[in-house]
Amino acid sequence: DDDPMKHDLSILNNIYSVLKPGAKLILTVINALAVVRKHSQKDVVEGRFDPITMVETSSEEYNTPQGKNKVVLKERGYVPTELELLFRQAGFNVNHIWGGTAGNWGRRPIDLDEIEVMIIAQKSYVSA
């Protein structure tokens, strides 16, 4: 199955299972709001952005000892509402969702053009 949401929920479930009750988790993800704003319908048609899955696809060529090697990168962005739902589905209590970019984090609302979203969540003290 190639569903990025199932994949990411599986990761969150595993994280949740190893945390002690009351432990906090700070995680950053790609800001889908910014991803949507930078793409056009042409990018959708050409396969660079899928608005259904919020996956952005790019490729880079790298020089290696064996010659040039092409690497395809797929990144999934999240909007805050689905990020909160994903964390709650894994069992977390969501404390905060803030905007940020590496080197410029803060306790502030999400800027539509910021690269990342930061979520602070906590494992419940009581087993579900």
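## Surface, fold and cores of a predicted protein model

The protein's accessible surface is about 8,400 Å², and carbon and sulfur atoms hold 54% of it. Such areas come from the Shrake-Rupley method with a 1.4 Å probe; for residues, only the protein chains shown count as cover.

This is a predicted model: local features need pLDDT of at least 70, side-chain atom pairs count only at pLDDT 80 or more, and totals for chains, interfaces and linings use all residues. Residues are numbered from 1 along each chain as its sequence is written, and side-chain values use heavy atoms, with hydrogens and water left out.

The protein has four helices and six strands. Their order from the N terminus is α-β-α-α-β-β-β-α-β-β. Helices (H or I, at least four residues) and strands (E, at least two) are DSSP runs, numbered from the N terminus.

Of the 128 residues, 33% are buried, meaning under 20% relative accessible area with a 1.4 Å probe, protein chains only. A nonpolar core is a set of buried Ala, Val, Leu, Ile, Met, Phe, Trp, Tyr and Cys residues joined through side-chain atoms within 4.5 Å.

| Core | Size | Residues, among them |
|---|---|---|
| Largest core | 15 residues | Leu12, Leu83, Phe87 and Phe92 |
| Second, separate core | five residues | Val35, Phe49, Met54 and Val79 |

In the largest core, Leu12, Leu83, Phe87 and Phe92 have the most contacts inside it. Leu12 touches Leu25, Leu27, Leu86, Phe87, Ala90 and Phe92, leaving out residues up to four places away in sequence. Contact means heavy atoms within 4.5 Å.

Methods: Buried means under 20% relative accessible area, exposed over 50%, partly exposed in between (1.4 Å probe, protein chains only).
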